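Visitor: I have a model open here and would like to go through it with you. Can we start with the terms and then move to the contacts?

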Amino acid sequence: MEVHVFSAMTHVINQGMAMYWGTSRWSAMEIMEAYSVARQFNMIPPVCEQAEYHLFQREKVEVQLPELYHKIGVGAMTWSPLACGIISGKYGNGVPDSSRASLKCYQWLKEKIVSEEGRKQQIKLKDLSPIAGRLGCTLPQLAVAWCLRNEGVSSVLLGSSNPEQLIENLGAIQVLPKMTSHIISEIDNILGNKPYSKKDYRS
């Protein structure tokens, strides 16, 4: 691991040009190594990892990063809470002409949505809709609040296409207090993809 990276980031922070630095798409092993190297040379280590996290992408944030969170305080700055719009609810009946997935440059997203796995995901999202209804929120708000409820998640990066979407997504903050263990259990039962962790760091 290149020491000059840590030297540069430490300089930037000491000069007041940044408050802290983090990593993006690094493995847990790489982050731990970075922390060790920074400490060894008396430099500032990364404090967060930017990782993809949503209802259908859970392994890294829920299994790999918790140990770092509890051992060295590295938090997760997660992105794509709506899985590139897949969780927005707009693809329940196919790919609308006005959607992102209809664009030529997003052919990969369209293929993902219409695949067998994509259709299964849309069915699960329909099953989640009644939960959102009981909580008085939209499916996107439920999905964002679900991400926020994780203690290791420092922040959730939103990728809204317009002001209306941003306002809707920010409404997840009001849903967060309603994310009880019972609600989380309901969601897990529908998704059927809760990753197995050998150790419960909350106990």
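Guide: Buried means under 20% relative accessible area, exposed means over 50%, and partly exposed is in between, with a 1.4 Å probe and protein chains only. This is a predicted model, in which local features need pLDDT of at least 70 and side-chain atom pairs count only at pLDDT 80 or more, while totals for chains, interfaces and linings use all residues. Residues are numbered from 1 along each chain as its sequence is written, and side-chain values use heavy atoms, with hydrogens and water left out.

Visitor: Fine. How many salt bridges are there?

Guide: Seven, where a salt bridge is a side-chain nitrogen of Lys or Arg within 4 Å of a carboxyl oxygen of Asp or Glu. One of them joins Glu 49 to Lys 60, with the closest N and O atoms 2.6 Å apart.

Visitor: Which parts does the pair Glu 49 and Lys 60 tie together?

Guide: Glu 49 is in strand β2 (residues 48-52) and Lys 60 is in helix α3 (residues 59-72), so the pair ties together parts that are eleven residues apart in sequence. Helices (H or I, at least four residues) and strands (E, at least two) are DSSP runs, numbered from the N terminus.

Visitor: And are Glu 49 and Lys 60 buried or exposed?

Guide: Both Glu 49 and Lys 60 are buried.

Visitor: What does Glu 62 pair with?

Guide: Arg 58, in a salt bridge whose closest N and O atoms are 3.0 Å apart. Glu 62 counts as buried because its relative accessibility is 14%, and Arg 58 is buried at 4%.

Visitor: Which residues are linked with Arg 58 and Glu 62 in a network?

Guide: Arg 149 and Asp 188 are linked with them in a network of salt bridges.

Visitor: Where do Lys 71 and Glu 67 lie?

Guide: Both are in helix α3, four residues apart, which is about one turn of the helix. Lys 71 counts as exposed, with 57% relative accessibility, whereas Glu 67 is partly exposed at 31%.

Visitor: Changing topic: what angle do α5 and α9 pack at?

Guide: About 165°, with the axes 9 Å apart, for helix α5 (residues 116-135) and helix α9 (residues 181-191). That makes α5 roughly antiparallel to α9. Axes are lines fitted to C-alpha atoms, for helices over the stretch in contact, and angles run from 0 to 180 degrees between N-to-C directions. Angles under 35 degrees count as roughly parallel, over 145 as roughly antiparallel, 65 to 115 as roughly perpendicular and the rest as oblique.

Visitor: Which residues of α5 and α9 make the contact?

Guide: Among them are Leu 128, Ile 131 and Leu 135 of α5, and Ile 183, Ile 187 and Ile 190 of α9. Contact means heavy atoms within 4.5 Å.

Visitor: Now backbone. What is phi of Asn 42?

Guide: Near 55°, a positive value in a residue other than glycine. Most residues other than glycine have a negative phi. Asn 42 is in the loop between α2 (28-40) and β2, and counts as exposed at 71% relative accessibility.

Visitor: Where is Ser 80 found?

Guide: In the loop between β3 (75-79) and α4 (107-114). Ser 80 has a positive phi of about 60° although it is not a glycine, and counts as buried at 13% relative accessibility.
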